[in-house]
Amino acid sequence: MQRMLTRSVLALASLATCFAQTRLSGPFTHDNLTIFLIHGADKSAKNLLTLDEAIDQRKVVVYETRNVNELAVENVSSEDVFIESGDIVKGGAQDRTLKDDIILPSKSGKVSLNSFCVEHGRWTRRGSEDVGTFGEAHQAIASKDLKMAVKIKQDQREVWARVAEAQAQLSSNLRTDVRAAPSPTSFAMTLEAPAVQRSIDGFLQDLAGIINGKNDVIGYAFAIDGKLNSADVYGSHDLFAKLWMKLLRATSVEAVTAYQAGKKFEPVTASTVKTALADAESGKASATNLTARTEVVVKETAQNVMFETRDRAQHEIWIHRNYLTK
């Protein structure tokens, strides 16, 4: 059972502005996408496997429960695993995206995961996939509207609507149907479509290497069409670096989805990024214990929201901060 926590003024002071302790570099731009890198000191010394690493190495099993909005996960290894909100697990009876960040301890036993379906209609085996488990987690949701539907609205119908909207816009911009014949409503399979992969090649070629040799980079913020979209900051460079290509692929797909040929816009500035992130951190805080290891603090203002994931086994050190503009 999730438990809402009331925090004292002293405890809230421990949420002192993260962004004041960091610096930006950039901008780095390709077409309508602009990225700023966020530099800072590591907060967490604990190495974490990512979910896609853990599934690929058969150290974690994600189980189908036949409940659209709840899966089960088990860490069978001796390493801790970081599961990120927005990760898409592919397979089972329907592809899902995971609602919350979770720190999954070693030898965890089965743990419940809140989820949303990002595939509408299928409820049987697809091809040679295992209907009882999920075989990979290589993709993440690629739409701020979809993130808001998952993390704030928490509405399955809204999630399906935002998936369909993103598929339609991608198909229109790329002038080809990006839905996969084996499962037309699957967002994961849309992200894997050859036309979609080709559309982000230029973004990856120009931007993948911007973190090379920069061992103090712990996150990034990005804007599309000159409008700040969101930012992600992690407790260590190691964790960010392992997630970087997955994040960049999703960010690039979102830029392609929004692209309008010939559209003019003013470039976003570092000052705009700093102001938005500081605003999010100034919001009223509420906290929820998701598991014995994971606490999530949400801070929200009229313009922005921040989700902070803390590891309760490391004296509540934060592991991830996700900022979204409204």
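The second largest cavity is lined by Ser-44, Lys-46, Asn-47, Leu-48, Gly-235, Ser-236, Asp-238, Leu-239 and Ile-319. A cavity is, on a 1 Å grid over the protein atoms alone, a set of points where a 1.4 Å probe fits but cannot get out, and lining residues have an atom within 4 Å of a point. The volume of the second largest cavity is about 70 Å³, a volume being the space filled by probe spheres set on the grid points, which are joined across faces, edges and corners. Its lining has 3 nonpolar, 4 polar and 2 charged residues; Ala, Val, Leu, Ile, Met, Phe, Trp, Tyr, Cys and Pro count as nonpolar, Asp, Glu, Lys and Arg as charged, and the others, Gly among them, as polar.

The model is predicted: local features need pLDDT of at least 70 and side-chain atom pairs count only at pLDDT 80 or more, while totals for chains, interfaces and linings use all residues. Residues are numbered from 1 along each chain as its sequence is written, and side-chain values use heavy atoms, with hydrogens and water left out.

The count of cavities of 30 Å³ or more comes to 3. For the largest cavity the volume is about 240 Å³. Among the 22 residues that line the largest cavity, Glu-84, Ser-85, Lys-147, Asp-232 and Leu-247 are the closest to its centre. Two or more lining residues each come from helix H3 (144–153), strand S13 (217–224), helix H8 (237–258) and strand S18 (317–325); helices (H or I, at least four residues) and strands (E, at least two) are DSSP runs, numbered from the N terminus. H8 gives the largest share of this lining, 6 residues. By class, the lining of the largest cavity comprises 8 nonpolar, 6 polar and 8 charged residues.

The largest pocket (an open set with protein on both sides within 12 Å along at least five of seven lines) holds about 470 Å³ of space. Of its 20 lining residues, Asp-145, Ile-224, Asn-229, Glu-254 and Ala-258 are the closest to the centre. H3, H4, strand S14 (227–234) and H8 each give two or more residues to the lining of the largest pocket, with the largest share, 5 residues, coming from H4. This lining divides into 6 nonpolar, 6 polar and 8 charged residues.

Gln-167 is placed in helix H4 (residues 156–174). Its relative accessible area is 6%, so Gln-167 is classed as buried (under 20%, with exposed over 50% and partly exposed in between; 1.4 Å probe, protein chains only). Apart from neighbours within four places in sequence, Gln-167 is in contact (heavy atoms within 4.5 Å) with Val-178, Arg-179, Pro-184, Thr-185, Ser-186, Phe-187 and Thr-190.
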